[in-house]
Amino acid sequence: MLKLSLSVIYSIIIISGLTSLFSNKKRINPPASELTISTFSGPDVTPSPACLAVAPTGEVFVGVDMIGSLGKDPGKGRILKLIDENNDGKMDKHIEFAMVDNPRGIIVQENKVFVLHTTFSKQSGLATGMDLVLFEDNDGDGKADGPSKPLIENLSNAKYIRERGTDHATNGIRMGIDGWIYISVGDFGFHDAVDRSGKKLTMLGGGILRVRPDGTEMEVFTHGTRNVYDVAIDPYMNVFTRENTNDGGGWNVRFSHHIQTGEYGYPVLFQHFTDEIIPALADLGGGSGTGALFMNEPTWPEKYNNVPMMADWGRSMLYIHRVNPDGATFTQKDEEFLKIAQITDLDVDGSGRLYLSAWDGAGYSGSPNKGYVIRAVPNNWTYKSFPNIKKESIKELAIMLESNSAVARLSASQELLLRGSRQAISTTLKIANDTTSPLYARVAAIFTYAQLTKENGIAELVKLTKDKAVQEFALKALVDRKSQIDKVPLEPFLEGLNNGDSRVQSAAIIGLNRLERREAISTLLRIKVSSNFAEPAKNTEGAHATPNAAIILPHLAVKALVSLQATDACLAAIETENSDLALWALRYMHNEKAVNGLMAHYSKTKSEKLKKQILTTLARLYKKEAAYDASWWWGTRPDSHGPYFKAISWESSPIIEKFLVSESVKPKGFGKQFFADLSERNRLDIPSFAIEEKLSASEEPKIDLEKIKNTKGQVGKSSIEDVLLAINKLPGDALKGRNIFNNQGCIACHSLNRSEKMKGPFMGQIGSIMNREQIAESILKPDASISQGFASVMITAKGDKTYMGFITEETAVKIVIRNIAGEVFTIKTSDILSRKEMENSMMPAGLANSLSYEELASLVTFLSQQKK
């Protein structure tokens with residue numbers, strides 16, 4: 001078995017000695033003759049930079065993380081403030097702003113610095129969770145004035161941060177022009193996060209959270225992503241991310257447009273229940289998304305402006321995504337932009353200077369000798385100082401609010417909020433109503449006005465909903481703060497639903513959800529379900545990464561109906577023209593009234609189609625997701641069958657079971673296979689629905705790994721350095737490489753096709769993530785970079801049993817483990833006594849020893865061509 005290192009977060013091995021640390025020719029490949037790139041700081045100042053943010057005036061705040069994603073020892077992180085005093089693209093001065101562990105996100109607003117980071121107990125030295133905190137520098141000395149002020153506490157699962165590190169925890173933060181701080185939550189999720197008002201929230205899995213800058217009004221924005229690291233937010237409050245699918249499914253990157261209240265399906269809906277989710281806009285193959293920014297600065301060339309710029313750590317690449325409107329969502333086309341070694345984050349200042357941080361091979365736990373920050377500017381760029389926002393008049397702030405710079409607009413908006421004067425209010429309202437102003441300026445003014453006036457601005461915002469150009473944004477601003485919606489009228493949202501613009505309709509549906517007015521239920525039920533609302537065929541993966549604009553409005557309507565607890569109305573809508581939407585919503589209404597109502601409709605209807613729909617809905621209601629208490633996590637390769645991960649019975653489960661069983665035995669019913677399929681899809685585990693499967697015996701390859709390891713060929717007799725130099729010169733024969741892959745034991749633990757059973761790291765796309773040199777080194781040095789999700793695991797279980805291997809499947813009730821010999825064991829979670837990840841790869845070193853240079857080159861060439 002040859003184990004090639006591949007990971008969602010830490011996958012690329014940087015080949016030491018092949019490129020020097022600051023060689024821009026090797027490490028960075030900007031568009032020719034268009035950008036000027038300079039090394040801003042090196043590892044002597046900014047080793048292991050996990051995140052950064054730039055003040056509008058150009059000071060760069062870097063989060064140095066010497067713990068990394070898998071380290072666990074505190075006291076190794078800090079926020080540095082870097083200053084370029086002569087604006088030549090190189091740091092001249094640095095100040096230690098504050099000490100924090102695992103910095104994962106930074107926002108700079110004048111003298112305020114918001115930081116998301118891991119917290120540790122001073123007594124035990126163990127991680128206690130993650131907090132969003134505020135530092136202030138009111139005396140202007142470049143250092144935080146004192147301890148931070150917590151805004152949200154418990155923002156991740158402390159148990160798994162202690163056990164694994166911060167690899168799937170909560171990550172980047174960014175502020176939108178609406179004044180909210182948007183927080184990227186990894187799929188550790190969080191339990192009992194608490195904001196400054198005392199509000200508590202729990203979220204199973206990943207998504208986007210948001211909170212006001214004072215730490216109040218915390219709320220979930222979207223749900224159902226794997227390990228989103230950061231968000232890009234455009235001037236119109238469109239939110240974009242680059243996140244992943246399962247480790248076991250190829251670690252593919254998905255580019256997504258996040259629509260408020262949307263469900264994106266990871267891990268239990270995104271494969272077999274894709275009819276119920278908002279799909280990603282694209283599946284981009286292997287990689288791992290990190291920092292994100294929507295570039296909207298006038299100093300940048302038009303072709304590189306007004307685009308989401310998305311970092312991919314795994315591919316060492318900054319991407320541009322060309323997004324085009326498609327109903328209430330978008331389509332996209334991605335393109336490579338800048339090659340940067342394990343890029344982690346990026347941000348831009350008010351003069352248009354783009355700063356980017358590179359991990360540069362600092363490893364799982366950080367390195368004092370790796371990492372740097374670069375600056376990129378267009379070739380025709382000239383420095384223009386950003387104004388002292390405190391000294392600007394309201395008139396000057398208004399000019400900034402209308403500028404074509406996102407940095408200037410946000411800075412002006414935040415300063416106007418601090419002023420809070422009548423002049424600030426009248427000025428923003430004037431811009432909001434000015435039909436000659438650019439749309440981005442009117443949007444900035446609408447959100448600023450709404451924040452300035454709160455409930456006192458409702459009447460003017462209602463008037464703005466009559467202006468079709470800004471109707472969408474006026475509707476959003478009216479309900480943006482749930483603390484003041486009791487005075488917001490219903491009519492503008494009902495009118496918005498009649499607008500032919502699906503973006504306005506989307507805003508109206510979200511608004512009706514937030515208003516919590518039950519009188520809107522009948523209107524929501526009239527939203528049509530598109531013809532492509534259909535579950536994937538049996539045993540096939542649905543289209544979870546294909547734009548589906550037609551699904552957006554009914555999806556949002558269902559979320560609103562469930563939030564409004566519209567059980568009675570949904571039951572009444574069955575067998576009407578609104579039946580499909582009603583039945584979709586009823587899938588999530590776990591209450592006795594819904595169950596009894598569905599069974600009553602079943603007994604009355606003569607429609608075979610409706611009977612099947614009702615049976616499907618009841619099967620979905622048979623179980624529900626267990627409440628999340630943070631005592632467990634689904635791992636990097638969770639069971640993604642769905643519809644629940646940790647399914648439990650509830651009060652009506654026995655009633656549903658009795659009804660389904662009685663229908664299954666009726667002579668003129670739908671037949672045993674129908675109910676068997678229903679049971680398999682929904683994992684009902686009802687014994688009478690089980691159908692015995694005839695499994696064909698599959699022969700695992702029998703390969704003597706010890707014999708292979710102890711045979712010394714040309715590779716085994718040479719140094720790794722000599723082997724790498726030789727491989728670099730030999731093209732290799734891919735056809736021969738395929739045979740070597742089989743004969744050398746690789747096939748025992750690696751799959752090449754998605755249709756095959758996933759074993760160890762998936763090799764079907766290794767060539768799109770690693771180059772030949774990196775593949776060769778990971779064969780020769782298997783311990784150098786162990787793929788997350790594929791570390792060797794030691795499990796001790798009841799009955800004095802011990803297992804060592806890698807996890808190929810994990811559910812709430814069982815673990816499937818494969819050992820080095822290819823043997824597979826299923827272990828009940830209730831039997832597990834201990835579980836520990838091993839530091840070494842399960843692949844023994846030396847499996848390539850018997851090969852000649854030519855043979856290893858052929859194997860490497862074959863693998864480099866795997867780009868599925």
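Contact here means heavy atoms within 4.5 Å of each other. The model is predicted, so local features need pLDDT of at least 70 and side-chain atom pairs count only at pLDDT 80 or more, while totals for chains, interfaces and linings use all residues. Residues are numbered from 1 along each chain as its sequence is written, and side-chain values use heavy atoms, with hydrogens and water left out.

**View 1. Valine 268 and its contacts.** Valine 268 lies in the loop between β18 (252-258) and β19 (282-286); strands are DSSP runs of E of at least two residues, and helices are DSSP runs of H or I of at least four, numbered from the N terminus. Apart from neighbours within four places in sequence, valine 268 is in contact with Phe273, Asp639, Ser640, His641, Gly642, Pro643, Tyr644 and Phe645. Its relative accessible area is 11%, and valine 268 is therefore buried (under 20% relative accessible area, with a 1.4 Å probe and protein chains only). Lysine 646 stands 378 residues away from valine 268 along the chain, yet their C-alpha atoms are separated by 10.0 Å.

**View 2. An open sheet of 4 strands.** The strands follow the order β10-β11-β14-β15, with antiparallel pairing (two strands pair if DSSP finds at least two bridges between them). At the edges stand β10 (170-175) and β15 (219-225), each with a single partner strand, so one side of each is left without a neighbour in the sheet. From one strand to the next, the twist averages 20 degrees (axes are lines fitted to C-alpha atoms, and angles run from 0 to 180 degrees between N-to-C directions). Strands β10 and β11 (residues 181-185) run antiparallel and are joined by 4 bridges. Threonine 170 is placed opposite valine 185 in β11.

**View 3. The second largest pocket.** This pocket has a volume of about 1500 Å³, the space filled by probe spheres set on grid points joined across faces, edges and corners. A pocket is an open set of points on a 1 Å grid over the protein atoms alone, where a 1.4 Å probe fits, with protein on both sides within 12 Å along at least five of seven lines; lining residues have an atom within 4 Å of a point. The lining comprises 46 residues, of which His223, Glu263, Lys559, Val562 and Tyr588 are the closest to the centre. At least two lining residues come from each of β13 (200-203), β15, α10 (502-515), α12 (549-563) and β27 (624-625).

Notes. Buried < 20%, exposed > 50% of the residue type's maximum accessible area, 1.4 Å probe, protein only.
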